[in-house]
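Hi,

Here is the structure I promised to pass on. My notes on its pockets and sheet follow below.

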Amino acid sequence: MKRKLLAMDVDGTAVRDDYKLGHVSKKAIERARQAGHVIAFVTGRRDIDMLSMGRDGRCVDYLILNNGGKILRCEDEAVLFNDLIDPESCKKLITYCLDNQLQLQICSGLLWKVSCMTESTLEYARS
């Protein structure tokens, strides 16, 4: 048997409406891994957004996050790829947002900071 890669989206595909993997999905992933296949979740989510899945978020071999901007190996949490905004562009963007009183959200791994809270930001943080 040839080894295969199964890459699947998270929201609306691998997880239920409560952001959890169902029992049948967990078993299927486990069986595929035991058969030697490589399994990855591919998502637009960031690291912090994966917390809602608990341990289920790490039941695969790889996480491809930020629409491909970051790749983690789940076995040892090694960051294999992390395409960041260059520092000069980042500084310009931050300065522009602050000068124009725009809400600025900075996310890096599990760190999430905002320049000002709105009702929708508070609602997101609570959930």
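**Pockets and sheet**

The second largest pocket is lined by Asp11, Tyr19, Arg45, Arg46, Ile48, Asp49, Leu51, Ser52, Trp112, Tyr124, Ala125 and Ser127. A pocket here is an open set of points on a 1 Å grid over the protein atoms alone, where a 1.4 Å probe fits, with protein on both sides within 12 Å along at least five of seven lines; lining residues have an atom within 4 Å of a point.

This is a predicted model: local features need pLDDT of at least 70, side-chain atom pairs count only at pLDDT 80 or more, and totals for chains, interfaces and linings use all residues. Residues are numbered from 1 along each chain as its sequence is written, and side-chain values use heavy atoms, without hydrogens and water.

That second pocket holds about 310 Å³. Volume means the space filled by probe spheres set on the points, which are joined across faces, edges and corners. Its lining has 6 nonpolar, 2 polar and 4 charged residues. Nonpolar covers Ala, Val, Leu, Ile, Met, Phe, Trp, Tyr, Cys and Pro; charged covers Asp, Glu, Lys and Arg; the others, including Gly, are polar.

The largest pocket holds about 540 Å³. It has 18 lining residues, with Leu84, Ile85, Ile106, Cys107 and Ser108 nearest its centre. β6 gives the most, 4 residues. Strands are DSSP runs of E, at least two residues, numbered from the N terminus.

The open sheet runs β1-β2-β3-β4-β5, with mixed pairing. Strands pair if DSSP finds at least two bridges between them. β1 (5–8) and β5 (78–82) are the edge strands.

Best wishes
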